[in-house]
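Here is a short report on strand pairing and charged side-chain contacts. The model comes first.

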Amino acid sequence: MSASQAIAPYLPFLRRYGRALTGSQAHGDAFVRATLEAIVAAPDDFPRDVDPRLGLYRTFHAIWSTANIESGEDPANVGFGGAEGIAQARLSRITPMSRQALLLTSLEGFSTEDAAYLIGVSPDDVDSLVAEALAEIERQTHADVLIIEDEPIIAMDIEMIVRDLGHNVTGVAV
């Protein structure tokens, strides 16, 4: 089986991952395109000692890491306004390594060991990075809530629900 036949079934998933990682369809697809161009340009550099899916994602990460995402501005954050700009700003608060670890394990279903291989860290580091990403997501989803309800029992129920969801109740108004 040729390399193209081996990796073809995984391309839709790599596109999904690239888009989720960058936060943009255009940027995600650009990284996938660059990955495929790199494989075509240097087929002998494609990792053949691992599963084709791992090799494809490993090549993607080699391209991703050369983009200086950690030290410079994330290309996904350029030129967005409105709701998409807000989403991009929130996405940018999760460090690129944490974002990669979280997406590889939760969205793509890679094991901790496979994710560690793909991003070049230890499995323990992957667990830490995932925990860091989840903590940041949790911080971003907390809200201060003012409950306006004239029935005291219903207001208490709403307050309990809101607190159980992790939000802060600033007050109850009648």
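Which residue forms a salt bridge with Arg139? Glu136 does, with the closest N and O atoms 2.7 Å apart.

## Basis

This is a predicted model: local features need pLDDT of at least 70, side-chain atom pairs count only at pLDDT 80 or more, and totals for chains, interfaces and linings use all residues. Numbering starts from 1 along each chain as its sequence is written, and side-chain values use heavy atoms, leaving out hydrogens and water.

## Salt bridges within helices

The whole structure holds five salt bridges (a side-chain nitrogen of Lys or Arg within 4 Å of a carboxyl oxygen of Asp or Glu). Arg139 and Glu136 sit three residues apart in helix α8 (residues 123-141), about one turn. Helices are DSSP runs of H or I, at least four residues; strands are runs of E, at least two; both are numbered from the N terminus. Arg139 is exposed at 52% relative accessibility, while Glu136 is buried at 12%. Buried means under 20% relative accessible area, exposed over 50%, partly exposed in between (1.4 Å probe, protein chains only).

In helix α9, Arg163 and Glu159 are four residues apart. Their closest N and O atoms lie 2.9 Å apart in a salt bridge.

Asp29 and Arg15 form a salt bridge at 3.0 Å, N to O. Asp29 belongs to helix α3 (residues 25-41) and Arg15 to helix α2 (residues 11-22). Asp29 is buried at 14%; Arg15 is partly exposed at 34%.

## Strand pairing

Strands β1 (residues 144-148) and β2 (residues 168-173) pair in parallel over five bridges. Pairing requires at least two bridges found by DSSP. Val145 stands opposite Val169 in β2.
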